[in-house]
Amino acid sequence: QVRLVESGGGLVQPGGSLRLSCAASGRTFSGYTMAWFRQVPGKEREFVAAVSGNGGRTYYVDSVKGRFTISRDNAKNTVYLQMNSLKPEDTAVYYCNAGNYKSDYVPYNYWGQGTQVTVSS
């Protein structure tokens with residue numbers, strides 16, 4: 001079992017930055033590909049980024065490439081999402097997930113409670 005707790009959300013102006021963190025408890029954290037998703041009311045949860053178990057490979061949705069960076073620290077059982085040049089359309093609840101990546105990301109049923117990110121002037 002994996003428990004995930006997100007933090008770091010908040011209100012930021014357009015063009016600003018935020019760093020989200022996701023602390024994981026449980027065994028074999030490094031055995032999971034970790035990902036961030038986001039969701040706005042009335043829409044499906046959207047994949048944002050993923051990082052492989054050893055941190056060597058990363059994957060991003062096109063809309064955040066060049067602005068967001070996902071990373072992980074396996075010694076701290078934590079995954080991060082550095083978000084720069086934020087736009088109002090990045091406003092959402094951001095969720096951490098543990099899963100696997102083959103030809104596409106496969107989320108397992110391990111989700112955090114989410115953290116709200118609001119980009120507004």
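This is a predicted model: local features need pLDDT of at least 70, side-chain atom pairs count only at pLDDT 80 or more; totals for chains, interfaces and linings use all residues.
User: Hi! Which strands form the open sheet, and in what order?

Analyst: Hello! The open sheet has 4 strands, arranged as β1-β3-β8-β7, and their pairing is antiparallel.

User: Which strands stand at the edges, and why is one side of each left without a neighbour?

Analyst: Those are β1 (3–7) and β7 (68–73); each has a single partner strand, so one side of each has no neighbour in the sheet.

User: What does the twist average from one strand to the next?

Analyst: The twist averages 15° from one strand to the next.

User: How many bridges pair β1 with β3?

Analyst: There are 5 bridges between β1 and β3 (residues 18–25), in the antiparallel sense. As an example to look for, R3 has S25 in β3 as its bridge partner.

User: New topic: β9. How many of its residues are buried?

Analyst: In β9 (residues 92–101), 7 of the 10 residues are buried, so the strand is largely enclosed by the rest of the structure.

User: And how is β9 joined to β4?

Analyst: β4 (residues 33–39) and β9 run antiparallel and are joined by 7 bridges.

User: What about β10?

Analyst: β10 (residues 105–111) also runs antiparallel to β9, with 4 bridges joining them. The two form a hairpin with 3 residues between them.

User: Last one: which residue in β11 does Y94 stand opposite?

Analyst: Y94 stands opposite T115. β11 (residues 115–119) pairs with β9 over 3 bridges, in the antiparallel sense.

Conventions:
Residues are numbered from 1 along each chain as its sequence is written. Side-chain values use heavy atoms; hydrogens and water are left out. Two strands pair if DSSP finds at least two bridges between them. Axes are lines fitted to C-alpha atoms, for helices over the stretch in contact, and angles run from 0 to 180 degrees between N-to-C directions. Buried means under 20% relative accessible area, exposed over 50%, partly exposed in between (1.4 Å probe, protein chains only).
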